[in-house]
Amino acid sequence: MAAEKLRDLSQPIDVPLLDATVAAFYGTGSKEERNAADQILRDLQNNPDMWLQVMHILQNAKNLNTKFFALQVLEGVIKYRWNALPVEQRDGMKNFISDVIVQLSSNEASFRAERLYVNKLNIILVQILKHEWPARWRSFIPDLVSAAKTSETICENCMAILKLLSEEVFDFSRGEMTQQKIKELKQSLNSEFQLIHELCLYVLSASQRAELIRATLSTLHAFLSWIPLGYIFESPLLETLLNFFPVPAYRNLTLQCLTEVAALQFGNYYDVQYVKMYNIFMVQLQGILQPTTNIPEAYAQGSSEEQAFIQNLALFFTSFYKVHIRILESTQENIASLLIGLEYLINISYVDDTEVFKVCLDYWNSLVSELFEPHRSLDNPAAAAAMMGIQLPALIPGMVDGHGSQLLQRRQLYAGPMSKLRMLMICRMAKPEEVLIVEDENGNIVRETLKDNDVLVQYKIMRETLIYLSHLDHDDTEKQMLRKLSKQLSGEDWTWNNLNTLCWAIGSISGSMMEEQENRFLVMVIRDLLNLCEITKGKDNKAVIASNIMYVVGQYPRFLRAHWKFLKTVVNKLFEFMHETHPGVQDMACDTFLKIVQKCKRKFVITQVGENEPFVSELLTGLPITIADLEPHQIHSFYESVGHMIQAESDAQKRDEFLQRLMKLPNQKWMEIIGQAHQNVDFLKDQDVIRTVLNILQTNTSVASSLGTYFLPQISLIFLDMLNVYRMYSELISKSITDGGPFASKTSYVKLLRSVKRETLKLIETFLDKAEDQPQIGKQFVPPMMDPVLGDYARNVPDARESEVLSLFATIVNKYKAAMIEDVPRIFEAVFQCTLEMITKNFEDYPEHRLKFFSLLRAIATHCFPALICLSSQQLKLVMDSIIWAFRHTERNIAETGLNLLLEMLKKFQGSEFCNQFYRSYFLTIEQEIFAVLTDTFHKPGFKLHVLVLQHLFCLLETGALTEPLWDVTTSPYPYSSNAVFVREFTIKLLSTSFPNMTAAEVTQFVNGLFESTNDLSTFKNHIRDFLIQSKEFSAQDNKDLYAEEAAAQRERERQRMLSIPGLIAPSELQDEMVDS
């Protein structure tokens, strides 16, 4: 093939031939031609000398894609090898690119025709600038500005370059450049901004060309967030922008620029200018968009430009108010124009567009929390009462001090908009997670299939906003909700959506009112909803109302605990819904039942006034009828709920009697099956029987999960029979797989048998995990399992081994801790070698076994460490290899389990008498392997743990815990003065060979830095972060995982804040041991 000669780069490349090859790659020829072209282009791209041909190609290529190919090669060199090139090659390339850009953008025709190519050249130029400017290309900005003044098209392109430069330095730099470099570029841009500023103003005042003006506005938009403030407020810039705002062609770009100015945060130095800007803006806006306009309707019918305008308007108002709303609260006329602005924003909030709504919602949330916050600091009771919307008798004069009265005035000022905002929140409330019944796109009511995360996030923010609004004025909140509900009843406002959003809003403010008011409010709400359910006809309508009743009652456990009559009515209503076959209704009824029982369990086991027996007893009598129409998974949930009730009974005799009555149905069936099996063991092989066994075990697991220790009498009843069934099914599985080959494990019969084994293990694990820490329970249940469970695991073929065996024994070791030491050798013997063989062949097979195997090892390392020391050195090597194998894994949870286990082992060995021996064998291997995963970009989520392991290793050198040398004394030509000196040298060597693109000085500086900061984790961590970014491997990626720990700390602070405000964390989610006697 002729194209082969392209590979020879010793003479100038044959450009027409390269054009043809690129054309073949993008062409419609045969697959073979495309593959051959692809191979040649790849080889060229990987050839380190290819970039020297770039100028020649760009000058002679006819095909645009060929030019792009050449620029791609160049971009790689600039990113990774630029600083290593000789000066004359760098300067030659820099001048060549600049010349091509000037040449193409100096005349209108070529500039428009070659627009894509010019854009790519601009990007390349900015990549070069990141290395060259300011140090090696001082005159860049002055050169650029003087070129811009020579022609309008060059000027337009210069604007594009400046915009790219600003974005690179200020927006995309985190994780791309080191902190030092970013700082240097920002200072250069700031100091040279004078020239750019003059150029922009000159264009905006003198030019008539629309494209140039748009380019300039768009560049300004990129600059406004960081330029020195004097350039904005002490020059004609703001006036110029406000003059452009009414012109339709520039309206959106100007509005974006004004939004940037509005968002600037610094003291109050320019307040006067801000007030002036806002007032001029409002006058102009009312000319463009009448205050009376129906904005949602206008948006729905508008062009994309007009829709963008509304979106930008929302951004402008929210940015301005977030920072400067207080300066508009000073005089009457400012307040008037502030209220008009808020009115606009409320109307925009009704626009049916998620993005627009998110912008508005985000601001409303911050405004109401700002209005609410001061309440909590008001120590003065009367003021506090007035703020909380509780009307005390006429306030005693002088009781509200200056600070309090200011707050009250501010609240008065916003009372009108806040009332409208409550209506908005009620009308647009997002769907909470518990609601499973939704309207599909054809208008039918169906069960939800997928959770929509965006909606859940939106619900959280709206809920928080509505809770603040409720605290600001409980009476108004209650009035608006009840008024809207009465319109549902009278039918004048009845739609599914209206009822849904209203009920979701009612449920979401649970916990924010005083108990007395909440009780009064809820009595009316629940009564109205139950009435609505009676008077409304139609299956779909009933399903919607049912889902709303269930959602609301599930949110108010405090109310239900205080009102037994309501609680009983509600639970009976749920039992009614359990017979309603409309999709989703039964599921929701079972979920709500579980939720209510968890919060009110005591209520069901005491005999209430006017009753003859506790409710639980009545329920157990009617149980077969209640669950008659439920699916198996719903029945399991129902059994779990009743388990919670029984658990609340303190009298052991009654408790056991209730448990016996609850398990009557499954136990009868179980005894029947076991009885039949004693006569003929083949009875157990029937598929329907296997299904029944599985169902009975799942029912037991559900009850065990809610009853805990009190499940003992029930599990003792079936335990030994269950192990026999387990053993028998296990032999059946092994036989099927041995006879039927590897595909037998995929048959439905084998899968069903395995489900029974898994459920058995899950039942035992659930019980042992939930049972209180009573050693005799361990002694009763662990020994009988040794052979049927552990022995069986070892005997089975790999495909028939259940990973749950590993997690069961991990639970047992975590539970009974050191008491298990003598059993560890048995566990090791059964699972160790055979599991390792399964998981060390590759990274893919048996993912479940991997994770659970490392969890088991971690449990043993934590609680039974002496047992690990008894391993032979071959076995310990296997353990260490498997740990390294684990943290090399790209599956995040396996890697994390491996790293946690490694840390556990390192700490335990450091304190043992085998410290020197262990670290002599493994110190360097671990260090090398951790650096490998730390720097390969596939393991970023493990960053925090990688850092901890390295810190542990480096600290170990400082503490003097190691008394013997880590280096090999026999082969090392000369002794090192200490382990620290040896490891420092080893690390420098290791990193220099791994990162040939970094200089020896950079690597040495990094390693010295590590040794200096070993005792200060945050410095140590930042040091490693900077190194990763500098190593260039990480430069073009999303590096947020390197900052994950800081984000987690922020989340915990947020939770503490939410706990301090009533209602912000829903009462149904609080882990309270409810005193519901």
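View 1. Helix 23 covers residues 453-472 and spans 29 Å from first C-alpha to last, close to the expected 28 Å (that is 1.5 Å times one less than the number of residues). At its start, a side-chain oxygen of D452 comes to within 3.0 Å of the backbone nitrogen of D454. Helices here are DSSP runs of H or I with at least four residues, strands are E runs of at least two, and both are numbered from the N terminus. Residue numbers start from 1 along each chain as its sequence is written, and side-chain values use heavy atoms, leaving out hydrogens and water. The model is predicted, so local features need pLDDT of at least 70 and side-chain atom pairs count only at 80 or more, while totals for chains, interfaces and linings use all residues.

View 2. The structure holds 56 aromatic pairs (rings of Phe, Tyr and Trp, the last by its six-membered ring, with centres within 6.5 Å; planes under 30 degrees apart are stacked, over 60 edge-to-face, the rest tilted). F828 and F832 make an edge-to-face pair, because their ring centres are 4.9 Å apart and their planes sit at 75°. They are 4 residues apart in helix 40 (residues 824-839), so about one helical turn separates them. F828 counts as buried at 8% relative accessibility, and F832 is buried too, at 2%.

**View 3. Charges over Tyr rings.** K757 lies over the face of Y726, 5.2 Å from the ring centre. R801 does likewise over Y793, at 5.7 Å. To count, NZ of Lys or CZ of Arg must be within 6 Å of the ring centre and within 35 degrees of the ring normal.

**View 4. The stretch at residues 379-400.** Here pLDDT stays under 50, and the model has 31 contacts beyond four places in sequence for these residues. pLDDT is the predictor's confidence in each residue, from 0 to 100, and a contact means heavy atoms within 4.5 Å. For the chain, the mean pLDDT is 89, with 95% of residues at 70 or more.

**View 5. Stepping back to the chain.** There are 50 helices and 2 strands, and 53% of the 1077 residues count as buried. The C-alpha atoms fill a box of roughly 100 × 95 × 65 Å along the principal axes.

Methods
Buried < 20%, exposed > 50% of the residue type's maximum accessible area, 1.4 Å probe, protein only. Polar contact = N/O pair within 3.5 Å; in protein donor to acceptor, adjacent residues only side chain to side chain.
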